[in-house]
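Thanks for asking me to look this one over.

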Amino acid sequence: GIYGQVMSAIGAIGAIVLFALSGLYGGAIFSFFLSGGALGGALVWFRFSHILVERNRNINIEGVKRMIKTGSYIIGSLQAIAFAILLINGLIFVSIGSGGMGIAGGIIMTIGGIFLIFPSLLLHGIRTNSPGKVKIWIIVQFVLFGLVLFASIPGLGVRYGLLQMIVLCLSFMYFKGMVIVHYNIMLENDRTMNMEIAAGMNKETSMDNTMKTKHREFSNPMSDNPPPYAAVV
């Protein structure tokens, strides 16, 4: 919660700086839209984190769980939208391009299509309460995070590479961490449900055994040939 507020404040400051630089240096309209969208997203993120902090302070456990589930939905949806856009762009390049552009479009389309599978698994796992599908997404994110982190310094140099590594680590800790928390909540809910089912089955078994014992006691007919009196005495 508090960590999310700090991160969203940093994101808002970065968006304002980007907006100001675009105005000073005559940036394209796309830069204004990008910085404006980033600022809006940062403000929504800050509000979301603030609500999460308030519910945590009020010990509203169910409310916190719902917020974490909603945040996981948002993370998966945004990732799915990004890869869907990548897939569509690849299709456009393949359809209108030729030669190198067609090959590049095919690569982009393949990457977008493959990586679209994983946020789809995440969303479906959250909706159907399937921890296994969410776990696949988490594993893939760790692999991608390691690859991107490994390629940061050689691609951008030491200074910018380290800066990108810091940003990636902070973002990963928050966004992926929220999904991991929801995954653990799902596992805990499954364990609780299994314990309740096992307790219910044990109770039913105990009741069945008791009823069978009583049934045997009352259904045992009296013998037609009782033992002789001498044997009884």
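1. Which residues touch the most other members of the largest nonpolar core? This is a predicted model, and in it the answer is L122, V134, W137, I138, M178 and V179, out of a core of 20 residues. Several helices contribute: α2 (29-57), α3 (61-96), α4 (100-128) and α5 (131-218) each supply at least two residues of this core. The largest share comes from α5, which provides ten residues. As general background, nonpolar side chains tend to be buried together in soluble globular proteins.

2. With its neighbours within four places in sequence set aside, W137 is in contact with I75, Q79, F118, P119, L122, K176 and V179. Two of these partners, L122 and V179, are also on the list of core residues that touch the most other members.

3. Now for the overall plan. The secondary structure comes to six helices and zero strands, so the pattern along the sequence is α-α-α-α-α-α. Of the contacts with a separation of 6 or more, 63% are between residues 24 or more positions apart. Buried residues make up 24% of the 233 residues. The protein exposes about 15,700 Å², and carbon and sulfur atoms supply 72% of that area.

4. For orientation, an α-helix has 3.6 residues a turn, so residues three or four places apart point the same way.

5. Is H182 buried or exposed? H182 belongs to helix α5, and it counts as buried because its relative accessible area is 6%, where the cut-off is under 20%. Not counting residues up to four places away in sequence, H182 touches I68, K69, S72 and I126.

6. I88, I92, F93, I96 and M101 make a nonpolar surface patch of about 470 Å². Helix α3 gives the most to this patch, with four residues.

7. How many salt bridges does a search of the whole structure find? It finds two. In one, the side chains of E54 and R57 meet, at 3.7 Å from N to O. These two residues are three apart in helix α2, which means they are separated by about one helical turn. E54 is partly exposed at 30% relative accessible area, whereas R57 counts as exposed at 58%.

8. The other salt bridge joins E188 and R191, with the closest N and O atoms 2.8 Å apart. In general, side chains of opposite charge can pair when their charged atoms come close.

9. Finally, two backbone angles to check. Most residues other than glycine have a negative phi. I59 has a positive phi, near 55°, and is not a glycine. This residue lies in the loop between α2 and α3 and is exposed, with a relative accessible area of 65%. N129 likewise has a positive phi of about 55° although it is not a glycine. N129 is found in the loop between α4 and α5, and it is partly exposed at 35% relative accessible area.

Terms used
Residues numbered from 1 in each chain as written. Predicted model: local features only at pLDDT ≥ 70, side-chain atom pairs only at ≥ 80, totals over all residues. Heavy atoms only, no water. Core = buried A, V, L, I, M, F, W, Y, C linked by side-chain atoms within 4.5 Å. Buried < 20%, exposed > 50% of the residue type's maximum accessible area, 1.4 Å probe, protein only. Contact = heavy atoms within 4.5 Å. Patch = residues over 30% accessible without salt bridge, like charges linked within 9 Å, V, L, I, M, F, W, Y side chains within 5 Å. Areas by Shrake-Rupley, 256 points an atom, 1.4 Å probe, with all protein chains shown as cover. Salt bridge = Lys/Arg side-chain N within 4 Å of Asp/Glu carboxyl O.
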